[in-house]
Amino acid sequence: MPFGNTHNNFKLNYKADDEYPDLTKHNNHMAKVLSKEMYGKLREKQTPTGFTLDDVIQTGVDNPGHPFIMTVGCVAGDEESYEVFKDLFDPIICDRHSGYKATDKHKTDLNFENLKGGDDLDPNYVLSSRVRTGRSIKGYALPPHNSRGERRAVEKLSVEALNSLDGEFKGKYYPLKSMTDAEQEQLIADHFLFDKPVSPLLLAAGMARDWPDARGIWHNENKTFLVWVNEEDHLRVIAMQKGGNMKEVFKRFCVGLQRIEEIFKKHNHGFMWNEHLGFVLTCPSNLGTGLRGGVHVKLPKLSTHAKFEEILTRLRLQKRGTGGVDTASVGGVFDISNADRIGSSEVDQVQCVVDGVKLMVEMEKKLEKGESIDSMIPAQK
Amino acid sequence: LNLKMNFTAEQEYPDLSQHSNHMAKVLTLEMYANLRDKQTSSGFTVDDVIQTGVDNPGHPFIMTVGCVAGDEETYEVFKDLLDPIIEDRHGGYKPTDKHKTDLNPDNLQGGDDLDPNYVLSSRVRTGRSIRGFCLPPHCSRGERRAIEGLSVEALGVLDGDLKGKYYALKDMTEEEQQQLIDDHFLFDKPVSPLLLASGMARDWPDGRGIWHNDNKTFLVWVNEEDHLRVISMQKGGNMKEVFNRFCTGLTKIEELFKEKGHEFMWNEHLGYVLTCPSNLGTGLRGGVHVKLPNLSKHEKFGEVLKRLRLQKRGTGGVDTAAVGGVFDISNADRLGFSEVELVQMVVDGVKLLIEMEKRLEAGQSINDLMPEQK
């Protein structure tokens with residue numbers, strides 16, 4: 001794995017051609033974009049914290065990808081990565097985020113009142129609702145590159161911020177390295193515990209270094225608001241609950257996030273954000289809102305309908321199994337969430353989920369009665 | 001050295017409280033503070049050295065090394081850390097000690113008559129690093145490919161008993177792959193977290209490959225855990241022949257590299273310089289697969305091995321279990337003894353172990369055969 005602290009001074013003694021990775025068997029966004037010429041141009045650069053092109057691409061070199069699954073194949077090591085290596089990142093962002101251009105502006109809208117409806121998804125179908133995002137703390141390197149000192153500082157700031165929350169947000173922090181057995185079992189039972197990454201995509205990017213130092217889980221007493229510290233991003237923030245009241249989930253999400261942000265700002269460490277990329281996160285796929293909002297919903301009939309995929313595409317939604325990314329669905333229950341991350345706001349994206357799921361549940365009911373859904377097929381959003 | 005130097009040594013010092021490896025035993029906060037702003041000419045830092053040991057706390061029963069070298073200079077720049085580790089790992093080897101190299105196979109006595117009813121196979125392996133290049137935890141793709149290029153050129157010149165062919169991991173055909181698997185020659189992308197955490201699997205399988213002679217008795221791994229791993233092996237108990245081929249082949253390869261202006265990393269204190277401190281000196285592990293079903297159950301088995309300066313492993317190699325009473329018996333030492341001395345211990349020791357096994361088969365005692373501590 002590349003270590004943020006590894007920097008090979010001898011490699012510039014070799015020609016760009018000799019250092020250029022063999023990407024002939026590769027199928028990921030980085031491999032599609034990184035030509036020899038581009039590599040030659042970028043290989044001598046580094047960000048102020050010392051992150052190099054080779055650090056950016058190592059995960060994509062080590063993980064050729066799959067003909068059917070297009071992974072991103074690169075990571076940022078700090079906020080400046082997206083600027084210093086824009087020649088590489090911009091086309092990847094454009095390809096991954098449906099044509100988002102280098103000159104486009106992203107809008108942030110965390111005003112939950114702008115969400116219409118979402119409080120009445122049928123609980124006979126919608127088993128649970130969840131919204132997650134990530135946040136990076138300005139002034140620190142990101143998980144592929146940060147040092148132990150930085151990671152611990154991020155943890156300390158985060159715990160301070162989270163411990164000052166009150167009301168429905170009052171909660172407790174569980175550092176991974178000092179968890180008791182009982183606490184660990186409870187967190188597993190709640191499906192809150194995150195493990196040391198095993199995915200080669202993450203390992204190759206250096207995100208598991210020094211595990212479990214400065215990693216932990218914070219959640220409120222009601223277990224409806226959860227924060228992961230120093231996993232794949234500095235912070236992963238999750239609001240969730242059983243049933244179909246996405247409006248309530250989104251409200252808690254927005255309110256909690258904003259409270260946390262205020263506290264960080266007081267310490268002069270706001271979140272990484274700019275008007276082009278929105279919230280800056282480790283993986284380019286999570287730029288913009290970094291938001292994945294979704295439901296676990298029973299769609300046994302609709303999911304076997306010939307037009308299921310087309311409907312999802314038109315609704316700007318994606319399906320996953322109930323284990324999350326790269327898992328299969330069980331018992332006709334699907335994880336349905338927004339497909340977009342950048343170029344639309346948080347409210348826009350959750351609105352897509354709310355409206356889309358409402359429609360799909362109606363379609364499911366029609367199919368249960370043996371009726372056609374042809375008249376309900378939506379236009380492309 | 002970017003942002004981490006803005007933090008104090010204490011803030012950056014790893015939490016080693018749950019750790020049991022050589023690095024964790026040695027690296028105090030004071031030592032970390034002294035070393036953390038240093039780097040080798042190629043940019044290898046103390047955090048690079050120790051990352052594998054930080055990420056792999058170890059096991060109370062198995063003492064891993066917990067650190068690696070990124071280049072030849074690492075052993076000098078970070079000697080405050082590595083010298084005590086070397087001393088602890090290599091039976092008290094001091095920073096002032098000198099290591100002797102002896103690759104003259106004529107100096108091995110006997111070894112051509114280990115009983116093939118007991119000794120199933122014989123094998124000697126070592127590693128070599130090419131001076132001027134960074135080691136596997138740190139080398140760039142360009143460096144790794146250059147090492148591959150040089151190695152393939154050198155090996156391509158070998159003839160006679162050593163004439164062979166190179167199989168690059170990334171261009172292997174299915175048939176070649178299957179054959180290499182059947183021969184037990186193929187090495188896989190590392191899965192051990194010890195190796196992965198030190199960056200040795202980067203860019204896999206680029207620049208990696210396997211070379212072996214037509215007879216399949218001499219094998220070289222390129223860019224796996226070290227620049228080169230050299231293995232001589234054959235069925236049966238003729239360790240002398242195996243060691244002969246080993247020395248001849250190694251010496252020829254070294255000459256060929258020198259002709260191209262490249263030496264092996266070596267110095268008179270550490271001997272051959274390799275990635276893992278446990279492989280310094282000779283880097284040599286010479287051993288046999290031997291049937292010892294009775295002896296291995298004897299209460300003194302562990303003690304006998306210790307006195308003979310041998311170690312046992314399962315037939316799958318390190319960290320595997322024995323199957324059917326067949327053990328991998330090899331030299332325990334690497335540094336402070338020459339190649340000839342280490343293989344001599346294996347030859348003499350295994351001969352004695354077989355005698356003991358035969359005694360026990362016959363229901364007789366082995367007490368009079370117990371050796372002194374070598």
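Q: How many residue pairs are in polar contact between chain A and chain B?
A: This is a predicted model, and the count between chain A and chain B is 25 residue pairs in polar contact, both residues being at pLDDT 80 or more.

Q: Which elements of chain A supply at least two residues each to that side?
A: Helix 1 (16-19), helix 4 and helix 7 (148-163) of chain A each give at least two residues to the side of chain A that touches chain B, and by class that side has 16 nonpolar, 11 polar and 16 charged residues.

Q: What about salt bridges, how many are there between the two chains?
A: The count between chain A and chain B is 4 salt bridges, and one of the pairs that meet in a salt bridge is Asp15(B) with Lys177(A), at 2.7 Å from N to O.

Q: And how much area do chain A and chain B bury between them?
A: They bury about 3,100 Å², with 43% of it on carbon and sulfur atoms, and the contact takes 43 residues from chain A and 44 residues from chain B.

Q: Switching to the inside of one chain, where are the domains of chain A?
A: Chain A is divided into domain 1, residues 9-97, and domain 2, residues 112-369, and the C-alpha centres of these two domains of chain A lie 27 Å apart.

Q: What is the buried area between those two?
A: Domain 1 and domain 2 of chain A bury about 1,800 Å², of which carbon and sulfur atoms give 65%. On the domain 1 side of chain A, Glu79(A), Tyr82(A) and His97(A) supply 35% of the area buried against domain 2, more than any other three residues.

Q: Which side chains meet in a salt bridge there?
A: The count between domain 1 and domain 2 of chain A is 1 salt bridge, and the side chains of Glu79(A) and Lys138(A) meet in a salt bridge at 3.1 Å, N to O. There are also 8 residue pairs in polar contact between these domains of chain A, both residues at pLDDT 80 or more.

Q: Which helix gives the most to the domain 1 side?
A: Helix 6 of chain A gives the most to the side of domain 1 of chain A that touches domain 2, with 4 residues, and by class that side has 9 nonpolar, 8 polar and 5 charged residues.

Q: Now chain B, how is that one divided?
A: Chain B is divided into domain 1 (17-90) and domain 2 (105-362), and the C-alpha centres of the two domains of chain B lie 25 Å apart.

Q: Which residues of domain 1 of chain B lose the most area to domain 2?
A: Domain 1 and domain 2 of chain B bury about 1,800 Å² between them, 65% of it on carbon and sulfur atoms, and in domain 1 of chain B the residues that lose the most area to domain 2 are Glu72(B), Tyr75(B) and His90(B), together 35% of what that side buries.

Q: What forms a salt bridge with Glu72(B)?
A: Arg131(B) does, the closest N and O atoms being 2.7 Å apart, and the rule finds 1 salt bridge across the interface of domain 1 and domain 2 of chain B.

Q: Last topic, how many aromatic pairs are there over all chains?
A: The count comes to 16 aromatic pairs over all chains. For Phe169(A) and Phe225(A), the ring centres are 5.0 Å apart and the planes are at 80 degrees, so the pair is edge-to-face.

Q: Where do Phe169(A) and Phe225(A) lie?
A: Phe169(A) lies in the loop between helix 7 and strand 2 (171-175) of chain A and Phe225(A) in strand 4 (residues 225-229) of chain A, so the pair ties together parts that are 56 residues apart in sequence.

Key:
Residues numbered from 1 in each chain as written. Chains lettered and ligands numbered in written order. Predicted model: local features only at pLDDT ≥ 70, side-chain atom pairs only at ≥ 80, totals over all residues. Heavy atoms only, no water. Domains from an automatic or database assignment. Buried area = accessible area lost by both parts, 1.4 Å probe. Polar contact = N/O pair within 3.5 Å; in protein donor to acceptor, adjacent residues only side chain to side chain. Nonpolar A, V, L, I, M, F, W, Y, C, P; charged D, E, K, R; others polar. Contact = heavy atoms within 4.5 Å. Phe/Tyr/Trp six-rings, centres within 6.5 Å; stacked < 30°, edge-to-face > 60°.
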